[in-house]
Amino acid sequence: MKYVFWGGLALVSAVFLPQLATAEPDIDRMSVEELLPLAQNEGRVTVYSFTSRIARVEKEFEKTYPGVDLIPSDMSSTEQIARLKTEAAAGISNADVVYLSDTPVVLTELLEKGLIQNYVPPRVEDRMPNEFKVPLLAPRLSTKVLMYSKEAYPDGSPIKNLWQLTAKEWKGRVVMVDPLQRGDYLDLMTEFVLRSDEMAKAYQTQFGKPIELDEGVDSVGAQFIVDLFENDVVIVGSSDDVSAAIGRKGQKAPPVGFTTYSDMRDNEREGWALQVANDVEPSNGIIFPAVLAITTKTAHPAAARLAIDFLMGDDSKNGGPSYAPFYVPGDYAARTDIESHPDAVPLKDLVSWRVDPAATAKLRQSIGDLILLLQ
Amino acid sequence: MTIDILRQRGRSLVRRPGFALKLTALGIVSVLVVFPLLKILAFTVSDEAFGTWHEVLFSRLSYNLFWGPLQNTMLLGFAAAAGCVMIGGFLAWLVAMTDIPFRRTIGLMATLPFMIPSFATALAWGSLFRNSRVGGHVGFIEGLGFAVPDWLAWGMTPTLVVLIAHYYSLAFSVIVAALATVNSDLVEAAQLAGARRRRILTGIVLPVVFPAVVAAASLTFASAVSNFAVPALLGLPVRMQTLATRLFGMIGIGQTARGYVLALLLILVSAVFLWLGNQMISGRRSYATVTGKGGRSKRFQLGAAKYPLFAIAFGICIVTTLVPVVILFASSLAPSSSALFSDWNLHYWIGRSDAAIAQGQPGIWHNPNTLSATAITVGLGVAVALTTTAVGLLVAFVLARHREGLISAIINQITLIPLLVPGIAFGAAYIALFGAGFGPFPALYGTFVLLVIAATAYLLPFSVQTGRAVIQQVSGDLDESARLTGAGALRRLAAIIMPLAARGLANGALIVFVKIIRDLSLVVLLFTPAMPLLSVLAYRYASEGFPQFANAITVVVLVISIAATLLANRLQSKSQPWLKD
């Protein structure tokens with residue numbers, strides 16, 4: 001009996017002592033119920049967000065978790081990265097949570113340099129494919145793809161091949177955001193270069209002859225970018241402006257352009273007729289993860305985790321009210337249990353290129369210089 | 001032996017009156033102005049930024065990085081200076097020299113546009129003239145069914161018009177003050193001798209005010225080349241870049257070295273032209289125009305031209321003051337800028353978050369960001385008004401009472417430097433210097449203190465000038481007597497100069513307050529989301545495609561600045577000789 005007792009005690013110690021030794025419970029493993037009182041104690045969480053939809057999340061969040069003030073700061077991914085670096089140099093951290101795209105830069109400049117850390121809410125980890133948990137949590141996939149007005153072109157996209165955009169017919173009628181101001185668009189430009197082989201084939205299909213590169217241009221993708229700019233591509237301030245320019249109803253010959261597929265959600269409210277061009281050679285643009293992370297020096301660790309858990313949606317099939325701003329056609333949830341929006345092209349049928357962050361990161365600066373040269 | 005002499009000289013140098021005070025003043029202005037600029041200069045030649053100067057100036061990228069924006073910047077600078085001097089000079093002549101009706105009103109209104117933030121005027125332009133080139137809401141005029149051509153909606157023309165509408169009041173203020181000093185004895189003598197009006201204008205008035213005209217031209221030039229908000233809002237959609245917007249873009253995307261090089265080049269451009277202007281008038285400063293006699297009894301009789309000229313002047317004033325304010329106010333209420341005066345509602349002011357409107361952005365009254373931004377902006381205005389007054393007074397006192405010596409000359413030169421440094425370049429330098437802490441200073445990035453220090457430095461020339469003006473008002477005899485009774489410098493400042501000059505100081509402080517709360521170019525880089533400011537919030541809303549919120553916030557800024565300006569005008573009315581009959 002004695003032996004059993006001592007043996008049992010030894011066994012119990014072996015199992016539990018290591019955890020007792022760490023004393024502090026692991027905040028990464030806490031449930032929402034455990035996080036909430038800590039978060040309420042912290043009182044607030046500042047979120048830098050690349051999507052203006054954060055304003056709607058704020059409202060829901062504060063309704064669900066009274067006592068935790070979510071302070072959203074809507075700024076582009078590019079600006080978030082520049083700010084986080086400056087803040088880190090000054091030894092401060094204004095943001096607790098960052099919600100951004102630009103993964104090629106985020107991984108090299110922020111994650112590897114220790115400015116942000118990954119956090120996967122335990123509640124949803126079994127419903128997330130590994131590629132969206134490591135190295136950073138990616139709640140959804142976003143896009144920069146070619147879109148058109150279905151009012152002006154009821155029979156489908158007027159563009160069947162990207163090279164049409166460089167032809168005279170579309171001079172001054174292709175809209176996008178300055179790739180130097182928005183990283184997503186720089187990634188799109190970089191992808192053209194990375195996919196030079198496909199672009200060359202598409203050129204052959206369109207014009208019936210192999211492409212000849214201008215002097216000083218070293219790839220087919222770069223040639224496409226040069227031709228696009230020479231065709232007076234219109235540069236605007238934000239992707240909302242692109243969508244408005246393309247989608248606004250009542251235009252006789254509306255432009256086409258690269259924008260966020262999910263801007264389609266605003267069709268009714270804004271009086272737009274946006275539709276995605278999915279039948280395009282060789283592709284219609286890029287699809288890439290949006291990532292969520294916690295700043296390493298956050299002063300509100302529990303509230304930050306609570307906010308990320310919230311942004312992942314509740315356990316219903318469409319993610320519930322907290323995910324509602326993102327449950328729209330054109331956004332693709334990473335969670336396996338959230339269904340694709342019925343009004344959108346299913347993910348497997350979307351022809352968009354998947355961005356490879358590492359390959360993109362290598363080329364980005366030189367593509368940026370190319371754009372600078374063309375402006 | 002030489003060492004002995006040096007020692008003696010050293011001792012006598014130290015014993016000279018006010019030496020400690022001089023060193024203090026030198027220390028302050030060095031930290032404020034010289035260190036930040038040296039810091040970015042050092043960074044651009046460091047190993048980390050190797051080759052950047054070459055890249056910006058002489059590589060295949062340099063046309064788009066520097067030379068192209070430089071051309072636009074110069075064009076804007078020259079054209080804006082010409083336009084401002086013409087309009088400002090015309091109004092100044094009417095107000096100071098003629099019998100135009102409602103002179104007081106015109107004189108007051110002509111000073112107001114400068115108090116309206118330039119981004120407000122630019123936003124108002126957009127609400128009127130936006131066309132569909134860049135999509136989104138079109139402006140009022142397209143809403144009425146007229147097509148607005150690209151050149152009128154975007155780029156050089158609107159940028160120039162808005163800059164002139166903003167800065168002409170600067171030219172007005174400088175020229176009207178000079179015209180007020182034109183000795184009426186001279187004019188009367190000429191009239192008695194039978195000179196015609198045109199002859200008097202070209203023979204007497206113009207030569208006397210020539211230095212003021214040149215000063216007005218170089219000031220408006222320097223202001224126009226460094227303006228950020230107007231080209232950013234009206235030029236970028238058609239890829240028109242100026243040095244200021246290019247600099248902002250480079251720093252915004254993390255290419256800091258290129259940004260700093262551009263900042264230094266922008267300073268250089270602005271400095272060269274201010275220096276040239278100064279050279280033009282430096283030989284002519286000795287005009288004795290104020291004699292103490294000779295009132296302003298005689299004014300030019302405009303005769304039949306009186307009312308047409310009044311209509312023109314009044315029109316200019318209304319278009320540059322009331323119209324932008326009304327448009328901004330209307331568009332902060334109207335859901336669409338194409339129908340400015342219909343469907344008014346208060347959502348953008350007091351609405352709750354509604355998923356159907358503007359991505360669920362609540363009205364500015366319910367946005368905690370706007371509320372804290374208002375508090376921080378006003379707080380910054382007050383803090384900077386106090387610090388600049390203190391620093392300005394101290395430096396001006398040192399310069400006025402201890403004029404001689406190398407240190408004073410250096411201090412004097414340093415206080416003028418910020419005139420040459422565009423706000424945005426200053427912002428960049430301050431991030432570079434205080435971003436990571438140096439010497440005894442901790443890292444100040446993102447703090448209120450950094451904003452205060454940067455703004456104090458930025459306004460140094462202005463505050464020293466105010467300080468000088470008030471110190472000159474106080475007779476040196478009083479100061480001298482106090483010194484003989486053994487009062488120290490600070491004691492004399494506090495007990496004699498401050499009380500006697502309180503009115504002038506308060507007026508200067510109010511103007512500083514207005515300059516800061518409406519400023520965008522200085523703070524646009526220093527801004528952090530944790531330390532929001534109204535002007536930056538407005539700019540961000542505008543560039544994110546939420547014009548109504550931008551306009552509502554701008555109206556708030558306007559109301560605060562105009563109230564402060566009118567107050568300053570009341571304080572100043574005693575010292576506006578051109579308004580006297």
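Although Asp102(A) is not a glycine, its phi is positive, at about 55°. Is this residue buried or exposed? Asp102(A) counts as buried because 26 other C-beta atoms lie within 10 Å, and the cut-off for buried is 20 or more.

Phe102(B) has 14 C-beta neighbours inside 10 Å, so it counts as partly exposed.

Pro135(A) belongs to the loop between strand S4 (116-117) and strand S5 (137-149) of chain A. You will find Pro282(A) in the loop between strand S9 (274-276) and strand S10 (285-295) of chain A.

How far can you trust chain A? The mean pLDDT of chain A is 88, and 94% of its residues reach 70 or more. Over residues 17-22 of chain A, however, the pLDDT is below 50, and this stretch has zero contacts in the model beyond near neighbours in sequence. Where pLDDT is low, the predicted coordinates should not be read in detail.

Now follow helix H13 (357-374) of chain A. Its 18 residues should span 26 Å at 1.5 Å a residue, and the end C-alpha atoms are 24 Å apart, which agrees. Where is the kink in this helix centred? The kink, of about 45°, is centred on Arg364(A). Arg364(A) is also one of the buried residues of H13(A), along with Thr360(A), Leu363(A), Ile367(A), Leu370(A) and Leu372(A). An α-helix has 3.6 residues a turn, so residues three or four places apart point the same way. The cover over the buried residues of H13(A) includes helix H5 (103-111), helix H6 (183-194) and helix H8 (220-230) of chain A, together with H4 of chain B.

That last helix takes us across to the partner chain. In all, 40 residues of chain A are in contact with 34 residues of chain B. On the chain A side, the elements that give two or more residues include helix H3 (54-64), strand S2 (69-74), helix H9 (239-247) and H13. Which element gives the largest share of this side? H4(A) does, with eight residues. By class, the side of chain A that touches chain B divides into 17 nonpolar, 11 polar and 12 charged residues. For the complex, the predictor gives an ipTM of 0.71 and a pTM of 0.78.

Chain B itself has 28 helices and zero strands. Of its 581 residues, 50% count as buried. Among contacts in chain B between residues at least 6 apart in sequence, 77% join residues at least 24 apart. Chain B is divided into domain 1 (18-50 + 366-581) and domain 2 (64-284), and 23 Å separate the centres of the two, taken over C-alpha atoms.

Between these domains, 39 residues of domain 1 of chain B are in contact with 40 residues of domain 2 of chain B. The elements that each supply at least two residues of the domain 1 side include helix H2 (19-44), helix H19 (406-420) and helix H28 (547-572) of chain B. The largest share, 10 residues, comes from H28(B). This side of domain 1 has 28 nonpolar, 10 polar and one charged residues.

Finally, a look at confidence in chain B. Its mean pLDDT is 82, and 89% of its residues reach 70 or more. Confidence is lowest in helix H1 (residues 2-15) of chain B, at a mean of 55, and highest in helix H4 (residues 62-97) of chain B, at 93. Residues 285-290 of chain B have pLDDT below 50, and beyond near neighbours in sequence this stretch has seven contacts in the model.

Note on methods:
Residues numbered from 1 in each chain as written. Chains lettered and ligands numbered in written order. Predicted model: local features only at pLDDT ≥ 70, side-chain atom pairs only at ≥ 80, totals over all residues. Contact = placed C-beta atoms within 7 Å. Helix = DSSP H or I, 4+ residues; strand = E, 2+ residues; numbered from the N terminus. Nonpolar A, V, L, I, M, F, W, Y, C, P; charged D, E, K, R; others polar. pLDDT = per-residue confidence, 0-100. Domains from an automatic or database assignment. Expected span 1.5 Å × (residues − 1). Bend = angle between axes of the 7 residues up to and from the residue. Buried ≥ 20, exposed ≤ 12 C-beta atoms within 10 Å, placed from the backbone.
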